[in-house]
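User: I would like to learn how to read the main features of a model like this one. Could you take me through them in turn?

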Amino acid sequence: MTRYAEIKYRIVTPFQRRIGNPILRRLPLQTVLETTGRKSGLPRRTPVGGRRVGDSFWLVSEYGERSQYVRNIRANPQVRVRLRGRWHAGTAHLLPDDDPRARLKTLPRLNSTAVRAVGGQLLTVRVDLRD
């Protein structure tokens, strides 16, 4: 990661954890990804942006492997996604070979712009939904 990206990560991440995420995940129509904490085993909810395509939900992680929810997925890929107020169980897949910048062009514009502006090492994530 470049020095600039590292500084941005150190500034943005605490803000997201303490202010942004607690507020956003309470909004009823905000899309939320629920993983299982790799150390605690507790549910961890993160507001995300992405799009459902058929039986899959696609998103791009703005910090790739450094994102806590990506680390949780690596430890346990069984997740839940709240879409339009309804929870869906699924299995998450990290796709390092996918082009995350091209993928962002297919996702909602507002979120994609934020991910590009804030993100450093992008990583595509696909969740295969079971219901």
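Analyst: A definition comes first: two strands count as paired if DSSP finds at least two bridges between them. Note also that this is a predicted model. Take strands β3 and β4, which are antiparallel and joined by 4 bridges. Within that pairing, R52 has F57 in β4 as its bridge partner.

User: What lies between β3 and β4 in their hairpin?

Analyst: The hairpin of β3 and β4 has 2 residues between the strands, and G54 in the turn has a positive phi of about 65°. The hairpin of β1 and β2 has 6 residues between its strands, with G41 at a positive phi near 80°.

User: Which residue has a positive phi although it is not a glycine?

Analyst: The general idea is that most residues other than glycine have a negative phi. Here R84 has a positive phi of about 50° without being a glycine. R84 belongs to the loop between β5 and β6.

User: Is R84 buried or exposed?

Analyst: R84 has a relative accessible area of 77%, so it counts as exposed.

User: How many helices and strands does the protein have, and in what pattern do they follow along the sequence?

Analyst: The protein has 4 helices and 7 strands. Along the sequence, the pattern reads α-β-β-β-β-α-β-β-α-α-β.

User: In what order do the strands of the sheet lie?

Analyst: In general, strands of a sheet pair through backbone hydrogen bonds, either parallel or antiparallel. In this case 7 strands form an open sheet with antiparallel pairing, in the order β2-β1-β5-β6-β7-β4-β3. At the edges are β2 (43–47) and β3 (50–53), each of which pairs on one side only. On average, neighbouring strands of this sheet are turned by 30° against each other, direction ignored.

User: How many bridges join β1 to β2, and how many join β1 to β5?

Analyst: There are 5 bridges between β1 and β2, which run antiparallel, and 3 between β1 and β5, also antiparallel. V32 shows both pairings: this residue stands opposite P47 in β2 and opposite R82 in β5. β1 is mostly covered, with 4 of its 5 residues buried. Elsewhere in the sheet, β4 (residues 56–61) and β7 (residues 123–129) run antiparallel and are joined by 6 bridges. One of the residue pairs there is S61 with L123 in β7.

User: Which strands does helix α2 lie across?

Analyst: Helix α2 (residues 68–75) lies across β1 (32–36), β2, β4, β5 (78–83), β6 (86–95) and β7. The helix runs at about 50° to β1.

User: Which residues of the largest nonpolar core touch the most other members?

Analyst: As a general rule, nonpolar side chains in soluble globular proteins tend to be buried together. In this model the largest nonpolar core has 16 residues, and L33, F57, I73, V81, V125 and V127 touch the most other members. Two or more residues come from each of β4, α2, β5, β6 and β7. β7 gives the largest share, 4 residues. For one member, V81, the contacts beyond four places in sequence are T31, V32, L33, F57, R86, W87, H88, V127 and L129. There is also a second, separate core of 6 residues, among them L95, L104, L107 and L122.

User: Which residues does R51 touch beyond four places in sequence?

Analyst: R51, in strand β3, touches S56, F57, W58, T106, L107 and P108 when residues up to four places away are not counted. For the protein as a whole, 67% of the contacts with a separation of 6 or more are between residues 24 or more positions apart.

Methods. Residues numbered from 1 in each chain as written. Predicted model: local features only at pLDDT ≥ 70, side-chain atom pairs only at ≥ 80, totals over all residues. Heavy atoms only, no water. Axes fitted to C-alpha atoms, helices over the stretch in contact; angles between N-to-C directions. Contact = heavy atoms within 4.5 Å. Core = buried A, V, L, I, M, F, W, Y, C linked by side-chain atoms within 4.5 Å. Buried < 20%, exposed > 50% of the residue type's maximum accessible area, 1.4 Å probe, protein only.
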